[in-house]
Each structure stands twice: as C-alpha cells, then as structure tokens.
Amino acid sequence: MGASLALAERTRGMTAPNPNVGCVIVADGVVVGRGWTQAGGRPHAEAMALEQARERAAGATAYVTLEPCAHVSPRGPACSDLLIAAGIARVVVAHRDPDPRTDGQGIARLRAAGIAVEQGVREAEAARVMAGFLTRRARLRPFVTLKLALSLDGAAAMADGRSQWITGVEARAHTHLERARHEAILVGRGTWKADRPRLDVRLPGLEQRAPERVVLSSRAIDGVRTIAQPAEIAALAGDHLLVEGGARTAAAFLADDLVDRLLIYRAPIVVGGGRTLPNIGLTDLSDAHGRWRLHDARALGSDRVEVYERG
C-alpha cells in the first residue's frame, strides 16, 4: 500500500474532478502492475495497472488507495468491473470513495464476484494524499494550504509590505514544487501590488505546470482572476488552492476557518518592525491550542519548513 500511496502523489493537483489514486498489483510476491490516475483524470490507476499486468493479474492482489469506482463513465468502464474481469483474487483498499455513485458499491460488487476485500489499510495516509478530492466532496471547496514565509521575529513582510525575499534559494525552490501540486495560487491585492509575483512554476521539468492565478480583491485586475471574499474559492476549478500572502489575506482565510494545512518557512533573519498577521478573531488563547498538528519539519538550506495539519 505504501507504493500505491507514493504513486498517487505523482499527479496530485492534476486529476480533478477525479481523485489522484495509486494502484499496485502483486502476484506471488512480485509487482506485476503499477498505475496512477493520469493527468486529466483518465485512465484510472486500476486500468493502468491492469494493462501492465495483463494475464498475470489472474489470482493476484490489487492494492488501491481508493475504493474502485462502480459507475460507468463515457470516458471509461468502472474499475470494479475491470478488476473482476481480470480475475483479481484480492483487493486491499485504503479509503472508501465518498462519491455517491460508488460509496461502498465498488467494494460490494467485488465481494459479490467472490473477490476478498480488505479496507481501511493506511486510511489516514490515503486521506492525506487525496485530501483535495475528499475536501471538495465534504466541504464543497478546494483543500487550502496557507504558505507563510516568516522571519525569526514573526514578520511576514517589511513595514512597507515588501516580502521578497525573506527565505533563501532552497526554500523558494520548495515553494515552486508546492505550486506544481496545486491547481490555483492566490495572493492578496497588497502583495500583488508590492511584489508583482509571477505565481508560476520555475523548476526544471515542471515549467509546463500553470496553476490559475487568483487575487483576493474587490476590484478586477487584468490578467488574473479576482475574488472578493475567501468563501468564493468554492467556485474555483480544481481541488487544491495554495494561498501565498500577504498577511491580511492569510488572516482572512484563518478567520473564516478555510485553512486545512499550514506551510511555514522560517528564515534565520530578524526584520524588526515588520508586518505580522492581523487579528484572526481569536478571543482566548485556550481556543488556539489543539487547532494545529505538526506533520513534518525539515531544513531547507539555512531555512526551515514546518507543515501543520488541522488538529
């Protein structure tokens, strides 16, 4: 299942409205097929893995990060039917599919065909990998990552609003990798005016990734999409949104409880008198505790990145 989860990560931010799924088929202890949902949503992971496995799929075990779909689409057959037709003997599923067209029906169909099904294996990890798909269905909006680049004294920008560059080269490269895994990037009007950010991906091999550029502004801006309120992100295409700044925009998303993941880059610098986050509506410190859980932390050159998830 670990290999399937890693495969699912390959097209995160590229498969909406379909989920980014990974699938590995094992026969007699040997991997005979690997698949992941392709960009644009098709082919599905199971179809790709079965195409590789061919006749070796008969009697094999399929490890899938999401319940195989049960509905036929104009773009392809149901994956549960493909697994049955291939003679798969056992299917291990990480996470149930919340899509009402499948939601338990894929597993039921497999079992009705005599296939052994085990579900819930590494479910929490699968939920993290497919967070965009699951959030869109549960909350009717994209999964939101808020990125903050901060100095040691907590400044997100200088007093005049400039924030280029708080962090170093390695941290900025990591940010571009994050951009490549999101369908849209959002900044506030103040950041747009002060920094004129390109909001593109500038990593070798990933330059073709072009997330939609969005600015939080009550007035239209040429060349980018604008939304007036954070809640309007529900209308954005795609399942992953990266909010990059500035401080007032970050506070607005936090105040509206629209942040699912915090990506904090800390630079070993002291700004003094810089801009920090404004009020997010917190009235008591006790309400802040337990809200965020550290998921990952690592050094990026002289900087440090910390990833927090909803507690």
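Reply: Helix α2 (residues 45-53) and helix α3 (residues 79-86) pack with their axes 9 Å apart and at an angle of about 20°, where axes are lines fitted to C-alpha atoms, for helices over the stretch in contact, and angles run from 0 to 180 degrees between N-to-C directions. That angle makes α2 roughly parallel to α3, a term for angles under 35 degrees, with over 145 counted as roughly antiparallel, 65 to 115 as roughly perpendicular and the rest as oblique. The crossing of α2 and α3 is left-handed, meaning that the near helix is turned anticlockwise from the far one by less than a right angle, whereas clockwise would be right-handed. On the α2 side the contact (heavy atoms within 4.5 Å) is made by Glu46, Ala47 and Leu50, and on the α3 side by Cys79, Leu82, Leu83 and Ala86. By class, this contact of α2 with α3 has six nonpolar residues, no polar ones and one charged residue; Ala, Val, Leu, Ile, Met, Phe, Trp, Tyr, Cys and Pro count as nonpolar, Asp, Glu, Lys and Arg as charged, and the others, Gly among them, as polar.

The model is predicted, so local features need pLDDT of at least 70 and side-chain atom pairs count only at pLDDT 80 or more, while totals for chains, interfaces and linings use all residues. Residues are numbered from 1 along each chain as its sequence is written, and side-chain values use heavy atoms, with hydrogens and water left out.

Helix α3 also packs with helix α4 (residues 105-112), their axes coming within 9 Å and crossing at roughly 20°. The two helices α3 and α4 are therefore roughly parallel to each other, and their crossing is right-handed. Ser80, Asp81, Leu83 and Ile84 of α3 meet Gly106, Arg109 and Leu110 of α4, and by class the contact of α3 with α4 has three nonpolar, two polar and two charged residues.

In the loop between β2 (30-36) and α2 lies Pro43, and the peptide bond from Arg42 to Pro43 is cis, with omega near -5°.

Among the side chains, Arg10 lies over the face of Trp36, at 4.3 Å from the ring centre; a charge sits over a ring if NZ of Lys or CZ of Arg is within 6 Å of the ring centre and within 35 degrees of the ring normal.

Conventions: Helix = DSSP H or I, 4+ residues; strand = E, 2+ residues; numbered from the N terminus.
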